[in-house]
Amino acid sequence: MTDLATTSQNFCTHCGNALTAESTLRIDAVSPAFCCAGCETVYAILSSRGLGRYYEIKEACELIRKPRPVRVSHESFAYLDDPEFQKLYLMPSLEDGRKTVELYLEGVHCVACLWLVEKLPELVSGVESAQLDIGRSIARLTLTPDAKLAPIAAELDRLGYRPHIIRHDEEAAALLKRENRTWLTRIGVAATCAGNIMLMAVPLYAGADGYAGQLFRWVSLALFVPTLFYSSVPFFRSAWSSLRTRSISIDVPIVLAIVFGGIISAINVVRGSEHIYFDSLSALVFLLLSSRYVLRRIQQSALGSSHLLNFLAPSRARRFDPELRELKEVPVHTLKADDVIEVQTGEIFPADGLVATPGGGFVSNALLTGEAVPTPVREDDLVYSGTENQGEPLQIKITATGLQTRIGEILRQAEEASRTKARIVDVTDRASRWFLAGVVISAILLFVVVYSYTGVDEALNRALALMIVTCPCALALATPLALSISLSRAARAGILIKSANALEKLSTVKTVFLDKTGTLTEGRFDVLDWRDIPELRNPNDRLAAWALERQSRHPIAKALVRHLGSEARKPALCPEISDFQETLGLGVSGTVFGHHYGLKTLPQRDGFSSPLATYIGLYRDGSLIACITLGDRMRSDSVPALNRIRSLGLEPIVLSGDNQTVVNEVASRLAIAKERAFSEFSPEQKREAVAGRKDCLMVGDGANDAVALSAAYVSAAVHGSVELSLRTADIYVASPGVSTLAHLLEMSKETMRTIHRNLIFSLFYNLLGAIGAIFGWMNPLFAAILMPLSALTVFLSSKWGTSALRQVFSELTT
Amino acid sequence: MNIVSALLPIAILLAFGFLGAFVWASRGGQYDDLETPAHKMLLDDVNDHERNSRK
């Protein structure tokens, strides 16, 4: 096997992200550098299994999505093998007992990922084959009859692809597949007919007459029949449904043109007249079908909402079984009130309940309140589903599950709000609606007027020419094209956009509401600063501090261990500790390397203090040797991202559930005025702040801001799980922080500018054509040339319009 | 003119032959996933190479 590739030391060897100041600790000259422990683990797994090719392939390939550091969830996934669970979510077994399962994998970003996922049969037993649809990040696994799903899921998790089981809806999937294939067949028929009709049209325009002329016209008619009765069916359906709701969509004039154009041309063929329009009509059908199919595919590849509904939050719990008197892993939906469950450190509570552990512990309520500092809980205190246990393992007695929990209630409200949200019509429809009605009316008027002057022949010709030439096909092609180019680029940068409407709305946004915790800040405790007193420094101090803090479960201790862990990660180096002591709320102490070390909370000091931080002192034999600052770190990209948002003419406002001093501090660092920073807001207050406001964007995490997200005009979730976020928000940004969102705002404006430019182009063409048709200067040849020409102009305009976008996104993906 | 009457059916037959091939391919699922196979093509070379070197 080839050696593992070593990249530049400024970038993580595994994920390729730039190394931050925090992670530079890990760099030494020889070994490869990593941005986090997760990436390092994956690197170790791959090199030990001889899968180092991954890095070679990765080096050579193009990025599909923005990579990110590996975050291993360390779930055991045992619930996946629960028979009850499998009955609900697994596909039916194949005849010979093999099973297939579809998993959505987080973090798939390039061809090397594809290679690695499809190598899964070599990595874990039980997998017969693995296929990854890289566009949708969905892997389809075939398992042997006796395979266990849990170890397979855990292996994927360890490789950094966190799996989510997709609740499999065989019927919906099959329907989608069938529909796509039917579309393709319709396009194929339309293309064949249109191409051959155009071939016939050439000699006709050149002046073929007599027997040959008649023959060509009859064959054109014959070829137009399948175009009309098979390929155009989607237009008929959509025109009919729009008429039924008493509105006029772009498909109405299209259908009118196709049907009347077809009928008149057919009559002319029978009469032996020259005026036939089969060539333009069939080309119109083909072009429209193709552009819509492209849009459809792109929307599906960006993980359509139909898929998201089938997402299942991976959740299980350890329930205390009173008969067996032991803990048993069960799927979360089987929990009932009064069950006793145990929740480990770092796990999320699966239900609301009362603490049953006598000692109590620490709980992070960040999900509900946005406050990063963990709250202490005592026995019989209520803890909420969705919050995180940050202290010792806790046993809780369940009081409410599922939708009855507080977070369930929030989600239910959010879903109701998103249902009542007004459905905004398509950009194209809205822009072209007024002139669509105009076209139909003026065509009728034109027919009447010309009929009264000359005769039925000329009147029909002119009215039809008007209808064909003004048919907004350039428009119908260009708007979906511009939108789909933007949507697919966004998807590649890790932004999932629910609908093209959201993109349009983004471009009109004037105010941006930002959540603080997890959006502008990292949302967890971290070591911000470590200041040694130089004359007292001893090489073993940090190792001693690490060893001491490792004994504690306190969130501050965990942050310190994370920070120090890189230096002392080899277990052989772990020093002996004697007389270890932990005083709750004060700190830890013990004797290491023959010295008495202690870590204690320092009182806030003037001139040095910041309300954002907690201070810890490291003492050796009673004297202070280091001062450590901990806090919820501001994301490094928040300041530039906010500047970018301001430069777009938008006004940022901070909404937070955290206390006032913290919020004001964050706001002032981001140069946001105090009266634009609102603190101590409950989820409900946040909703009131954004509800009913036009042109505002709400940015938050998918859970505690769910209500506000769904009430907002347009919303983006930058944090939290995919499944939760997309239920309530219009946009999900997979990479945390607001910088990607700033790019997205720019992109939406650019897209809308392109669409408007396209509208002007096609209006100009249509106007020119309409004038020609009204005065009778328009012959079929001219109309046939003008139509593709206008489409081409608008197509090129879409391409030019997006070259600027390409620059923006090349910055993002490289 | 007779040659046109002879060639036209042949041309149309040819066109529908290709249409048939296209429909057959799309029904067979050839166009279901348009993105992954394009990337996979690059990886197949690697696998072949490995297999050969193992022999």
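Start by selecting chain B and chain A together: in this predicted model, the area buried between them is about 2,600 Å², and carbon and sulfur atoms give 66% of that.

Now put chain B on its own and pick out helix H1 (2–27) and helix H2 (36–54); each of these supplies at least two residues of the side of chain B that touches chain A. Highlight H1(B) in particular, as it gives the most to that side, with 11 residues. Colour the touching side of chain B by residue class and you'll get 13 nonpolar, 7 polar and 6 charged.

Next, show the residues from both partners: the contact takes 26 residues from chain B and 34 residues from chain A. How many salt bridges turn up across the interface of chain B and chain A? The rule finds 0. As for polar contacts, the count between chain B and chain A is 4 residue pairs, both residues at pLDDT 80 or more.

Last stop: colour chain A by pLDDT. Chain A averages 74, and 73% of the residues score at least 70.

Over residues 21–30 of chain A, pLDDT stays under 50, and the model has 16 contacts beyond four places in sequence for them. Residues 418–425 of chain A also stay under 50, with 14 such contacts in the model.

Terms used:
Residues numbered from 1 in each chain as written. Chains lettered and ligands numbered in written order. Predicted model: local features only at pLDDT ≥ 70, side-chain atom pairs only at ≥ 80, totals over all residues. Heavy atoms only, no water. Contact = heavy atoms within 4.5 Å. Buried area = accessible area lost by both parts, 1.4 Å probe. Salt bridge = Lys/Arg side-chain N within 4 Å of Asp/Glu carboxyl O. Polar contact = N/O pair within 3.5 Å; in protein donor to acceptor, adjacent residues only side chain to side chain. Helix = DSSP H or I, 4+ residues; strand = E, 2+ residues; numbered from the N terminus. Nonpolar A, V, L, I, M, F, W, Y, C, P; charged D, E, K, R; others polar. pLDDT = per-residue confidence, 0-100.
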